[in-house]
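Biologist: I'd rather have a close look at a single part than a tour of the whole thing. Could you walk me through how the strands are put together, and what sits around them?

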Amino acid sequence: MLYVTRFWCKSLVLLLFPGITSSYGQARTDAFLTKLFSRNTNPLFRSVIRNPAAYRLQIIYTQIDRDRQNRPSFRHYYFRVDSTEYFNPASTVKLPAALLAVEKINRLNNPAITKFTPVQIDSAYSRQTHAWTDSTSETGLPSVAHFIKKAFLVSENDPYTRLYEFIGQGEFNRSLHAKGYPDTRITHRFVRMSADENRHTNPLRFIRPDGALLYAQPAAYNPDPFDFRRVAKLGKGYLTANDSLVNAPFDFTERNRLPLESLHRMLQSVLFPESVPARQRFTLTPDDYRFVYQYLSQYPGETNYPKYDASAYYDSYVKFFFKDSLHHAMPNGLRVFNKVGWAYGFLTDASYVADFANGVEFMLSATIYVNSDGILNDNKYEYESVGHPFLYQLGQTIYQYERTRQRTHKPDLSRFRVDYEKRRTDSRPVVKNVEN
């Protein structure tokens, strides 16, 4: 089997599977991808590929082949992948947040508490806020399941903050490190807080629909130190909260960190848990897997709760490899199970593509930095003129190649077939604007 994984930890390279040798801190590029990319004649695509360092570009493409028993094997190809080169993971951290939150519920081992059980979050420390109701849920109450829906469907920010508060900063990091992701670092919510405030997480309680208490989780504090020796500074200047320009690089050293390989492996671990070591798997039930698969791939316009505006949050809204600026529809018979993120000029997508109509499947992850003026926080990023068009061209390059790639055995993708929701007609207003 071609299960290949690499994790960097200080000066140690841990090779969990045979097939890759590399040295610490070196970007890896496979000649196969360089040759494949040369076939795309799109001017913008060629411009980025010819100057990848300027865009801090990293790409991982995984071919998946099946044997006669439909068991998958994986061959990973890399383009300029380097776990030591920082990129801001933005909303991609919502993927491990969702998985660890479900895992924590299962660890409570209380039959009365599931991911759908109402949860109310209180406040007990500086700048903390409470969340007692949620008008976008069917019950009017928050739940871990509803947080995950909103975090996946259109990448809302507040649900991530609530999942972070449920997991706890210390447990978040210890759990990921124990699963073999030592270079990950989760230090903050998606709200303005100090480092100390982010170490403190809220008390919360799971309740019955009538308000009766099922379980109370006290406020928590993370005493564990972080390793900030690897400095990460970008740009030539940045705007402060009051729009003052500081002529110095923006410091990401203490921000969230999730290398592309780790993100790619996390997605593989939830879609193909049997392909990774047991310790890397998230402790999910069969129903959890079905739930995660559904909301990684369901479209906002198919969803009843929340009832998103389908024109604003169209099918390809968070499907960057298929996000055509002219046509927002997705190909018929195809679904993308993915998580994206965008912030500070970085665009990132980690995807598993399942084309049921043509019997095609593959994984593709990429990150690109589009900030030509070198100023952070000015909201002048080339997302629409460079970032999204490049990722679309990348996605189509790989997809079209996969459409023609010969396979010994056609994959049975029935495991990933999902019974999606159908939007019901009702008088509720649609959700038009969210923070993401």
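Modeller: One term before we start: when I say two parts are in contact, I mean that heavy atoms come within 4.5 Å of each other. Also keep in mind that this is a predicted model.

The part to look at is an open sheet of five strands, and reading across it you meet β4, β3, β16, β15 and β14 in that order. The pairing is antiparallel. In general, strands of a sheet are held together through backbone hydrogen bonds, and they can run parallel or antiparallel. Which strands stand at the edges? They are β4 (72-79) and β14 (334-343), and each has a single partner strand, so one side of each lacks a neighbour in the sheet. From one strand to the next, the twist averages 10 degrees.

Now zoom in on one pair. β15 (residues 346-355) and β16 (residues 360-369) run antiparallel and share ten bridges. To find your place there, look for F346, which stands opposite Y369 in β16.

Helix α10, residues 383-404, lies across β3 (58-66), β14, β15 and β16. Its direction is at about 155 degrees to that of β16.

Most residues other than glycine have a negative phi, and most peptide bonds are trans. R56, in the loop between α2 (43-50) and β3, has a positive phi near 45 degrees without being a glycine. Is R56 buried or exposed? Its relative accessible area is 18%, and the cut-off for buried is under 20%, so R56 counts as buried. N70 sits in the loop between β3 and β4, and this non-glycine residue also has a positive phi, about 70 degrees. On the way to β14, the loop from α9 (286-297) contains P306, which is joined to Y305 by a cis peptide bond with omega about 0 degrees.

α7 gives the most, with three residues. The pocket has a volume of about 1200 Å³ and is lined by 37 residues, with H188, R192, R255, Y344 and N377 nearest its centre. Sorted by class, that lining has 17 nonpolar, 13 polar and seven charged residues.

Key
Residues numbered from 1 in each chain as written. Predicted model: local features only at pLDDT ≥ 70, side-chain atom pairs only at ≥ 80, totals over all residues. Heavy atoms only, no water. Pairing = 2+ DSSP bridges. Helix = DSSP H or I, 4+ residues; strand = E, 2+ residues; numbered from the N terminus. Axes fitted to C-alpha atoms, helices over the stretch in contact; angles between N-to-C directions. 1 Å grid on protein atoms, 1.4 Å probe; cavity = no way out; pocket = protein on both sides within 12 Å on 5 of 7 lines; lining within 4 Å. Points joined across faces, edges and corners; volume = space filled by probe spheres on them. Nonpolar A, V, L, I, M, F, W, Y, C, P; charged D, E, K, R; others polar. Buried < 20%, exposed > 50% of the residue type's maximum accessible area, 1.4 Å probe, protein only.
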